[in-house]
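Some notes for your review follow, as numbered points. Please read them against the sequence and model shown here.

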Amino acid sequence: MSTVDTAAFRPLLEQERERIVSQIAHLHDDNSRSMEDELGELTGRGLDNHLGDMASVTFERELDEGLEEGAQQTLAQIDRALAKRDDGTYGTCERCGKGIGEERLRARPWATLCIDDQRLVDRG
Ligand SMILES: [Zn+2]
């Protein structure tokens, strides 16, 4: 396997970072509106199934919070990958020190573990 051209991944990481940051900003916009505003809006539209609306607003809120948590985690990983890129260890597994592999990095440019170690971590 040829050495990974890490320079090629920097724009990918930065692109992904931008996307996640705007996603988080967007989630914050949504969450800054109060529940009453959202319900008021639904009522204003003349919907009469208020209980159903209440449930769906609550559900969307929980979904947003879950999404934000996931987005924050990915953002933290991207920042870590960028830092590794700067200190020259990008593309190297944090646990075993082996190469992560170009194919895996193309799919997940922020990966900091090789596929084997990632599986071990995911398993807990
Ligand atoms: Zn590894």
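1. F59 sits in helix 3 (residues 50-87); helices are DSSP runs of H or I with at least four residues, strands are runs of E with at least two, and both are numbered from the N terminus. Together with L63 and L67, F59 makes a nonpolar surface patch of about 300 Å². Patch residues have over 30% relative accessible area and no salt bridge, with nonpolar side chains (Val, Leu, Ile, Met, Phe, Trp, Tyr) joined within 5 Å and like charges within 9 Å. A salt bridge is a side-chain nitrogen of Lys or Arg within 4 Å of a carboxyl oxygen of Asp or Glu.

2. This is a predicted model, where local features need pLDDT of at least 70 and side-chain atom pairs count only at pLDDT 80 or more, while totals for chains, interfaces and linings use all residues. Residues are numbered from 1 along each chain as its sequence is written, and side-chain values use heavy atoms, leaving out hydrogens and water.

3. The chain has five helices and zero strands, in the order α-α-α-α-α along the sequence.

4. The structure holds one aromatic pair. The ring centres of F9 and Y90 are 6.0 Å apart and the planes are at 50 degrees, so the pair is tilted. The pair links distant parts of the chain, with F9 in helix 1 (residues 9-32) and Y90 in the loop between helix 3 and helix 4 (102-107), 81 residues apart. Rings of Phe, Tyr and Trp (its six-membered ring) pair if their centres lie within 6.5 Å; planes under 30 degrees apart count as stacked, over 60 as edge-to-face and the rest as tilted.

5. Of the 124 residues of the chain, 29% count as buried.

Technical notes:
Accessible areas come from the Shrake-Rupley method with a 1.4 Å probe; for residues, only the protein chains shown count as cover. Buried means under 20% relative accessible area, exposed over 50%, partly exposed in between (1.4 Å probe, protein chains only).
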